[in-house]
Amino acid sequence: MARIGSAAALVVLAALVLVLGVTTPASRAPGATDALGPGNDETAAEYRARLEPPTGDGEQERWALVSPTRSLRADEIRGLVGDVRVSEVFVHVPVDRVQTPLLTMAVPDTESVLTRAVRDAASRLGPGRDERGETVTALVRSRLLADCACVAGVLVRGTAASLARLATADGVRAVEVAPVDAVAGRLSVSPLWPERVGTAVLPDDGPVPPA
């Protein structure tokens, strides 16, 4: 009888575990990463087509990648996003048929830091790997210090209502919202460059303009 009782208890326990597994959402694995932005093999049109409109209730805030229709100056960011909080600015100097680095600038909730994000990005440049790389670095640094229109996107945090308004604003090409439980430090972001039409594979065979 003891064996029968033990067997029955094990069956009940297994059933309970199964029910809990079905009804309880799986927790996020430690170190899980959420990706924002187009994949390397996606065209701009394919990326935009798969985005869902920002939805949600109340004042719960979520992270989102905002991609403008054109490269912006740093002092144009606030005019684009309105009162939505900006966390990171993605800086990229567009040069025809020349690959240039993507620089990520964290910005606290301070307007003075936001408006100098492009100039400050010059300090993030590393040395070129060869002669062409050094020439590209010199060009990029020169344009950043001149406060070029080189903002390719911004990471923001706002309510569903504010992000929905932003998604339909003039000058906004796309807004991609991260999952509700996404953590900023674990977001992998690849901005949709304003000049991007096809995939991320871009030529690097053009002449480098003088700095």
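This is a predicted model: local features need pLDDT of at least 70, side-chain atom pairs count only at pLDDT 80 or more; totals for chains, interfaces and linings use all residues.
"Is Arg-70 buried, partly exposed or exposed? Arg-70 is partly exposed, its relative accessible area being 43%. Its partner in a salt bridge is Glu-76, and the closest nitrogen and oxygen atoms of the two lie 2.9 Å apart. Glu-76, for its part, is buried, because its relative accessible area of 18% falls under the 20% limit.

A second pair belongs to this part of the chain, namely Arg-73 and Asp-75, whose side chains meet in a salt bridge with an N to O distance of 3.0 Å. Both of these residues are partly exposed, with Arg-73 at a relative accessible area of 36% and Asp-75 at 46%.

Let me turn to another salt bridge, the one that Arg-132 forms with Asp-204, where the closest N and O atoms are 3.0 Å apart. Arg-132 sits in helix H6, which covers residues 131–145, while Asp-204 is found in the segment after strand S7 (187–189), so this pair ties together parts of the chain that are 72 residues apart in sequence. Arg-132 counts as partly exposed, at 30% relative accessibility, and Asp-204 is likewise partly exposed, at 36%. Over the whole structure, the search finds 11 salt bridges, and I have picked out a few of them here.

Now for the chain as a whole. The protein chain has seven helices and seven strands, and when we read along the sequence they follow the pattern α-β-α-β-α-β-β-α-α-α-β-α-β-β. The chain has 211 residues, and 38% of them count as buried. If we take the contacts between residues at least 6 apart in sequence, 77% of them join residues that are at least 24 apart. The accessible surface comes to about 12,000 Å², and carbon and sulfur atoms account for 56% of that area.

As an example of a residue in a strand, consider Ser-87, which is placed in strand S3, residues 85–92. Which residues does Ser-87 touch, leaving aside those up to four places away in sequence? The contacts are with Trp-63, Met-105, Ala-106, Val-107, Leu-155 and Val-156. Ser-87 itself is buried, with a relative accessible area of 16%.

The largest pocket holds about 530 Å³ of space, and 23 residues line it, with His-92, Trp-193, Glu-195, Ala-200 and Leu-202 lying nearest its centre. Sorted by class, that lining consists of 12 nonpolar, seven polar and four charged residues.

The second largest pocket has about 310 Å³ of space. It is lined by 13 residues, and those closest to its centre are Gln-99, Gly-128, Arg-129, Gly-133 and Val-136. Here the lining is made up of four nonpolar, five polar and four charged residues.

Key: Residues are numbered from 1 along each chain as its sequence is written. Side-chain values use heavy atoms; hydrogens and water are left out. A salt bridge is a side-chain nitrogen of Lys or Arg within 4 Å of a carboxyl oxygen of Asp or Glu. Buried means under 20% relative accessible area, exposed over 50%, partly exposed in between (1.4 Å probe, protein chains only). Helices (H or I, at least four residues) and strands (E, at least two) are DSSP runs, numbered from the N terminus. Contact means heavy atoms within 4.5 Å. Accessible areas come from the Shrake-Rupley method with a 1.4 Å probe; for residues, only the protein chains shown count as cover. On a 1 Å grid over the protein atoms alone, a cavity is a set of points where a 1.4 Å probe fits but cannot get out, and a pocket is an open set with protein on both sides within 12 Å along at least five of seven lines; lining residues have an atom within 4 Å of a point. Grid points are joined across faces, edges and corners, and a volume is the space filled by probe spheres set on the points. Ala, Val, Leu, Ile, Met, Phe, Trp, Tyr, Cys and Pro count as nonpolar, Asp, Glu, Lys and Arg as charged, and the others, Gly among them, as polar.
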